[in-house]
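This briefing is an introduction for a reader who is meeting the structure for the first time. Please keep the sequence and the 3D view at hand while reading the points below.

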Amino acid sequence: MKRLFLGLLLLNLALFGWLRGAHPGGGREPGRLDQQVAAERIRVLTDREVQQLEKRAGEAKTAAAPGLVPLQPEATVACVEIGEFVNDAQLARLRDRLAALKLTDRASEQTRERPGWYLVYLPPEKTLSDAEQRAEQLRAQGLQDLVVYKEGALHFAIGVGSFRDRDLARKQAAQLERRGIKGARVADNPGTVRSTRVVIRGADAAAIQQLENAQKDFPQQKLQPCTSGLTP
């Protein structure tokens, strides 16, 4: 028992010595303050100083990510654009949406000829009347963006899509076949199509949100900040 008591006493003395060496000042508050570096310079920031620091941090974050411009509730974006629309029916639908959103006065269109597109089409009908009747039947089956060609090599044919990638054009033709729409063809050579980009200037955050919702009706079209000029 005596040996056990002595052992515990020595252990306590060793522990006490270690604590004094590792934490000079005994852990009491005055001792800790003595160990701070330039403690007299520490002060509580004012609300204004905190706001300034937060603002600087936000500016640094934006500078580190060029092209990422967060929209504030009342912010105004100089210019946004949607599309390259190669289908008149799609373009007409977008115009209707812009009118409903009261954005027509901010919108303009840029159109040009663009080469390198593969056309998916149904063979020509005998007359224009037959072609238009066939197009109405297809619209009733859910194909909305159709073009009836009234002149040229494909007069009275029905265009059902244009694609920059020939494989995508072939997939569209195969999809039509599975839906029971027979005879879809892909043009052997890429042709030239008229492409229209819709530009909306001075769009605020609310208008951006409306345009993002409208863009969902045109999943193949991109809504993005305006680029410099038209790119191929």
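Predicted model: local features only at pLDDT ≥ 70, side-chain atom pairs only at ≥ 80, totals over all residues.

**Briefing**

The C-alpha atom of Thr 192 is separated by 4.1 Å from that of Pro 115, although the two residues are 77 residues apart along the chain. Leaving aside residues up to four places away in sequence, Thr 192 touches Glu 113, Arg 114 and Pro 115.

- Eight salt bridges are present in the structure, and one of them joins Glu 81 to Arg 197, with 3.5 Å between the closest N and O atoms.
- Because Glu 81 belongs to strand β1 (residues 76-85) and Arg 197 to strand β6 (residues 191-204), this pair ties together parts of the chain that are 116 residues apart in sequence.
- Glu 81 is buried, its relative accessible area being 2%, and Arg 197 likewise counts as buried, at 3% relative accessibility.
- Glu 81, Glu 84 and Arg 197 are linked in a network of salt bridges.
- Glu 84 is also found in strand β1, where it counts as buried at 14% relative accessibility, which is so because buried means under 20% relative accessible area.
- The side chain of Glu 84 is joined to that of Arg 197 by a polar contact of 2.6 Å, and a further polar contact, of 2.2 Å, joins the side chains of Glu 84 and Ser 195.

- Side chains of opposite charge can pair when their charged atoms come close.
- Glu 109 and Arg 95 meet through their side chains in a salt bridge, at 2.8 Å from N to O, and this pair links distant parts of the chain, with Glu 109 in strand β2 (residues 107-122) and Arg 95 in helix α4 (residues 88-100), 14 residues apart.
- Glu 109 is partly exposed, with a relative accessible area of 38%, and Arg 95 counts as partly exposed as well, at 40% relative accessibility.
- Another salt bridge is formed by Glu 177 and Lys 182, whose closest N and O atoms are 3.4 Å apart.
- In this pair Glu 177 counts as partly exposed, at 37% relative accessibility, whereas Lys 182 counts as exposed, at 52%.

**Nonpolar cores**

- The largest nonpolar core has 19 residues, and those with the most contacts inside it are Val 120, Leu 122, Leu 138, Leu 146, Ile 158, Val 160 and Leu 176.
- Two or more residues of this core come from each of the elements β2, α5 (128-140), β4 (158-163) and α6 (166-178).
- Val 120 touches a number of residues beyond four places away in sequence, among them Ile 158, Val 160, Phe 163, Ala 169, Ala 173, Leu 176 and Val 186.
- A second, separate core of 14 residues includes Ile 82, Phe 85, Leu 103 and Val 198.

**Strand β4 and its partners**

- Strand β4 is mostly covered, since six of its six residues are buried.
- β2 and β4 run antiparallel and are joined by five bridges, and within β4 it is Gly 161 that Val 120 stands opposite.
- Strand β3 (residues 147-148) also runs antiparallel to β4, the two being joined by two bridges, and the bridge partner of Val 148 in β4 is Ile 158.
- In a regular strand the side chains alternate between the two faces of the sheet.

**The disulfide**

- A search of the whole structure finds one disulfide, which is formed by Cys 79 and Cys 226, with their sulfur atoms 1.7 Å apart.
- Because Cys 79 lies in strand β1 and Cys 226 in the segment after β7 (223-225), the pair ties together parts that are 147 residues apart in sequence.
- The torsion about the S-S bond of Cys 79 and Cys 226 is about -65°, so the disulfide is left-handed.
- Cys 79 is buried, with a relative accessible area of 13%, whereas Cys 226 is partly exposed, with a relative accessible area of 26%.

Methods:
Residues numbered from 1 in each chain as written. Heavy atoms only, no water. Salt bridge = Lys/Arg side-chain N within 4 Å of Asp/Glu carboxyl O. Helix = DSSP H or I, 4+ residues; strand = E, 2+ residues; numbered from the N terminus. Buried < 20%, exposed > 50% of the residue type's maximum accessible area, 1.4 Å probe, protein only. Core = buried A, V, L, I, M, F, W, Y, C linked by side-chain atoms within 4.5 Å. Contact = heavy atoms within 4.5 Å. Polar contact = N/O pair within 3.5 Å; in protein donor to acceptor, adjacent residues only side chain to side chain. Pairing = 2+ DSSP bridges. Disulfide = S-S within 2.5 Å.
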